[in-house]
Amino acid sequence: TKQNKKKAHKTPPMASGSSSSHQQKLGKIPADLEFEGDEPQPIGEDVYHYQKYYKDFFDSFEILSVANDKQSAKFRVVSRADSKRALEVSLEPEGFKIVADSEPGAPLKGRVLESFEQLLAEMDGAAAYGANLFGLVSDRLEGL
């Protein structure tokens, strides 16, 4: 009947063998939503992406090392601001760990940030990062 069909669709199918309550609530991931050959890249390789695609946000970006297993990398990024603030960063599974800060007192040293955008905003200040991002978007829109 129609009522039975509606009830059947309200509860997603359970994942076989799963003990996770979160997984039980969500059910099995449909096959068409899973990755098909596009494996995520190791995080250590992300530094090449930042160096290439974020170049308008910094004065220089130097890759210092990438681990053999590509699960971590170290880099040095220098601000475009007059201060030319330099940060040495270790990219790890836990996030962006700042290991050196050229600012007096090294206020960012030891901090762990979640994203590269957060790192840029901390380096130059959120207002400067936002203004730079706004300027880049405006320039691109003018070109359309």
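A: What follows goes from the core to the sheet, then to the helices and the aromatic rings.

This is a predicted model, so local features need pLDDT of at least 70, side-chain atom pairs count only at pLDDT 80 or more, and totals for chains, interfaces and linings use all residues. Residues are numbered from 1 along each chain as its sequence is written, and side-chain values use heavy atoms, with hydrogens and water left out.

Buried means under 20% relative accessible area, exposed over 50%, and partly exposed in between (1.4 Å probe, protein chains only). Helices (H or I, at least four residues) and strands (E, at least two) are DSSP runs, numbered from the N terminus.

Now the sheet. It is open, with 5 strands in the order β1-β2-β3-β4-β5 and antiparallel pairing. The edge strands, β1 (60-66) and β5, each pair on one side only. Two strands pair if DSSP finds at least two bridges between them. β2 and β3 are joined by 6 bridges, and F75 stands opposite V89 in β3. Another 6 bridges join β3 to β4. These two strands form a hairpin with 2 residues between them. L87 has D101 in β4 as its bridge partner. β3 is mostly covered, with 5 of its 7 residues buried.

β4 and β5 pair over 2 bridges. F96 has L113 in β5 as its bridge partner. L113 is buried, at a relative accessible area of 4%. Its C-alpha atom is separated by 8.2 Å from that of I98, 15 residues apart along the chain. Leaving out residues up to four places away in sequence, L113 touches G95, F96, I98, Q118, L119 and E122. Contact means heavy atoms within 4.5 Å.

Axes are lines fitted to C-alpha atoms, for helices over the stretch in contact, and angles run from 0 to 180 degrees between N-to-C directions. α4 lies across β1, β2, β3, β4 and β5, at about 35° to β2. Within α4, F116, L119, L120, A121 and M123 are buried. Setting aside neighbours within four places in sequence, L119 contacts F75, V77, L87, V89, I98 and L113. Just after α4, G125 takes a positive phi of about 95°.

Last, the rings. Rings of Phe, Tyr and Trp (its six-membered ring) pair if their centres lie within 6.5 Å; planes under 30 degrees apart count as stacked, over 60 as edge-to-face and the rest as tilted. The count comes to 11 aromatic pairs. F61 and F75 are stacked, 4.7 Å centre to centre with 15° between the planes. F61 lies in β1 and F75 in β2, so this pair ties together parts 14 residues apart in sequence. F61 is buried at 9% relative accessible area, and F75 at 0% relative accessibility. The rings of F61 and F116 have centres 6.1 Å apart and planes at 70°, so this pair is edge-to-face. It links β1 to α4, 55 residues apart.
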